[in-house]
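Hi there,

Here is the structure I promised to pass on. Have a look at it first, and then read on for what turned up.

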Amino acid sequence: MDSLFDLKSLSQPLMWGELVFYLETIANKEENSYTSTIYSYNLKTKERRQWGDGGNKQLHLQLSPNKKYLSYLSNNHSDKKMQVMIMPLDGGSAFALTAEKEGVSHYMWADNSSAIFYQTTTLTKKDGQTQPAEKKLPTPTEINKLTYKLDGAGVLPQDRHHLIKRMSVASQTVETLLEESHPVRLSYVAKDESYLLLNDDLNRDDEWSYGSTVYYFDLKTKIQRSLTTTVPKGSFYFAAMSDQEDYLLLVGNDFEHAFVSLNKIYGYDMVSHELVCLTDDLDLEVLDTIVADFQQGVQGIRPTWLTDSEFLFPATHHGKIQLYKGDRHGHTTLLFDEPLHLTDGSLSQDGQQLVVTYSSLTETSALAVIDLASGHLDCLYQPNQTYFESHAVVEPERFWFKGADQWDIQGWYLPPVEKRDNHPAILYIHGGPQVCYGESFFHEMQVLAGQGYGVILLNPRGGNGYGQSFVSSILGDYGHKDYEDLMLGTTHVLNEHPEIDSSRLYVAGGSYGGFMTNWIVGHTDRFRAAISQRSISNWISFYGTSDIGAFFVEFQLQRDLSDIEGLWKMSPLAYAHQATTPLLLMHSEQDLRCPMEQAEQFYVAMKKNHVDTKLITFPQSNHGLSRDGLPNLRMNRFDAMMAWLDTYQ
């Protein structure tokens with residue numbers, strides 16, 4: 001697992017002439033954090049050059065429209081707040097453009113490069129507040145909103161106003177354009193700066209109305225209007241504005257299948273105000289839903305205009321990211337279809353090439369250029385090539401099998417690095433569940449293979465990449481057909497690989513995978529030991545304690561607290577008395593997505609049943625510990641897993 005500190009991840013590529021800018025991120029052992037550095041790669045000389053200001057966190061790379069500046073956010077300041085930095089492309093040092101007390105969360109350039117628009121926050125001034133700043137005392141938190149906390153952020157501040165500002169690059173004068181009591185997202189600035197496009201809640205006055213939309217905000221009149229009023233439900237997000245500003249691309253869905261409605265590309269005519277779905281004939285999710293644990297700082301490939309009428313967009317299909325060309329009439333053409341996880345990308349100035357970062361089953365991260373006419377990918381730089389010249393990596397086996405109801409289910413099997421008979425194997429279940437395993441480097445799975453374990457990765461029903469019916473099939477029915485898929489897939493791998501010792505099978509998973517691990521130990525004893533991470537055990541308490549609990553339970557399980565019996569029957573806790581499998585529970589103390597009480601309840605239930613059980617909690621950690629948590633705790637977590645497995649060899 002120490003290789004985590006030796007490997008580099010690439011993201012956010014930008015092409016400018018002969019240069020490709022990108023971020024290179026490493027897990028820094030000494031700092032116990034992730035350090036990102038800006039580099040450029042010269043397409044002709046193949047030389048690499050470091051840019052930036054030396055801050056250990058640099059992100060959101062952009063080029064000014066006039067191509068004079070490289071801009072980004074950096075924490076290279078005494079207070080470590082993120083500020084907008086710009087660096088002349090013709091030479092010269094980077095300098096801070098903003099100096100916001102609360103830092104900058106997001107920014108974008110004006111079309112003429114004369115200004116930047118950015119988002120920040122400010123403390124709300126309270127009437128009669130006289131307490132000196134240097135004598136801060138603890139105060140109670142008043143909560144009156146349904147959504148009041150968020151995993152990774154904690155309890156949302158009640159004392160903040162959210163601002164969008166404009167700063168002149170030349171004079172550095174600042175103007176506040178919008179101030180709201182709730183978060184909004186700046187998505188687009190009109191070329192003439194007459195309006196902004198903002199992402200916000202679909203219905204700001206009804207907190208039980210789930211969804212989001214794009215608002216047109218007139219900077220002169222300060223009037224806002226939604227662009228998706230013809231679709232009463234759903235979630236929509238800004239994707240790309242045409243060069244003539246007459247047509248807007250949105251990514252979104254109409255909520256027909258609640259949380260698992262596939263996102264599609266919509267077109268909005270800025271003149272007629274007509275909203276139409278442009279990818280209705282594609283039974284695909286047009287966002288990246290592949291899960292892995294190695295990539296850092298990736299933003300995904302966004303829909304991008306190729307010409308005035310045609311655009312490029314990605315889609316998740318059978319564990320890989322495809323690229324399509326679409327047009328305003330709803331026609332689509334497949335451009336790129338290789339077994340890869342395209343993690344980030346941006347278009348060249350001539351629109352003929354897409355510079356990307358990508359990963360594969362055996363490649364951690366790489367920088368490449370895709371010729372959109374031929375579909376050919378040319379790899380430019382692999383930062384970890386030297387490492388893998390002396391370290392083994394496993395090529396997973398791809399397979400399909402028949403799951404419940406004879407459905408076709410996809411999977412991957414990683415054999416141990418050193419092949420031998422009678423080796424143990426682990427069924428590792430992904431989270432979500434509406435995500436998927438795929439053609440991406442999974443560091444933890446490779447390390448397990450290096451430790452002598454076979455690793456079984458399956459995409460049971462409820463996951464993405466296989467169409468709307470497949471992902472919708474789990475609604476209201478957790479733990480049944482999906483459980484059958486997993487058991488049948490495990491049996492398939494055992495039949496295909498008789499060298500696996502079937503008496504040394506293990507099961508592990510996180511989030512939905514943690515739910516399913518808890519469910520499995522209450523429904524079968526075929527596994528020698530289990531590891532449940534950031535799990536769910538009780539849907540009743542989850543409803544009222546998770547940051548998304550009320551929405552998730554109602555839309556995914558199709559029940560609320562009026563159906564306690566139904567929620568209990570789908571809760572692993574209801575079957576804990578049947579469990580005999582030794583169980584390790586691991587949970588982050590600041591996990592608000594699957595709160596720690598979920599693990600605590602299951603831990604006590606297993607103890608009550610006299611099953612060998614251990615609970616390990618991780619401080620300063622949220623739901624994403626295994627992917628972007630503190631490096632030392634990621635190491636502690638894996639060591640604990642290996643120790644548990646070694647106990648039950």
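Is Phe-551 buried or exposed? Phe-551 has 11% relative accessibility, so it counts as buried (buried means under 20% relative accessible area, exposed over 50%, and partly exposed in between, with a 1.4 Å probe and protein chains only).

Before the rest, a word on the source. The model is predicted, so local features need pLDDT of at least 70 and side-chain atom pairs count only at pLDDT 80 or more, while totals for chains, interfaces and linings use all residues. Residues are numbered from 1 along each chain as its sequence is written, and side-chain values use heavy atoms, with hydrogens and water left out.

Now the rings. The structure holds 41 aromatic pairs (rings of Phe, Tyr and Trp, the last by its six-membered ring, pair if their centres lie within 6.5 Å; planes under 30 degrees apart are stacked, over 60 edge-to-face and the rest tilted). One of them joins Tyr-210 and Phe-551: the ring centres are 5.2 Å apart and the planes stand at 55°, so this pair is tilted. Tyr-210 sits in the loop between strand 16 (195-201) and strand 17 (211-218), and Phe-551 belongs to helix 7 (residues 549-556), so the pair ties together parts 341 residues apart in sequence. (Helices, H or I with at least four residues, and strands, E with at least two, are DSSP runs numbered from the N terminus.) Tyr-210 counts as partly exposed because its relative accessibility is 33%.

Arg-48 lies over the face of Tyr-39, 4.3 Å from the ring centre, and the charged end of Arg-461 is over the ring of Trp-407, at 3.9 Å from its centre.

Eight strands make up an open sheet with mixed pairing, in the order 31-32-34-33-35-36-37-38 (two strands pair if DSSP finds at least two bridges between them). Its edges are strand 31 (397-402) and strand 38 (613-618), each pairing on one side only. Within the sheet, strand 33 (residues 423-429) and strand 34 (residues 454-459) run parallel and are joined by four bridges. Leu-427 stands opposite Ile-456 of strand 34.

Finally, Lys-320 is found in strand 25 (residues 320-327). With 13% relative accessibility, Lys-320 counts as buried.

Enjoy exploring!

Best wishes

Methods. A charge sits over a ring if NZ of Lys or CZ of Arg is within 6 Å of the ring centre and within 35 degrees of the ring normal.
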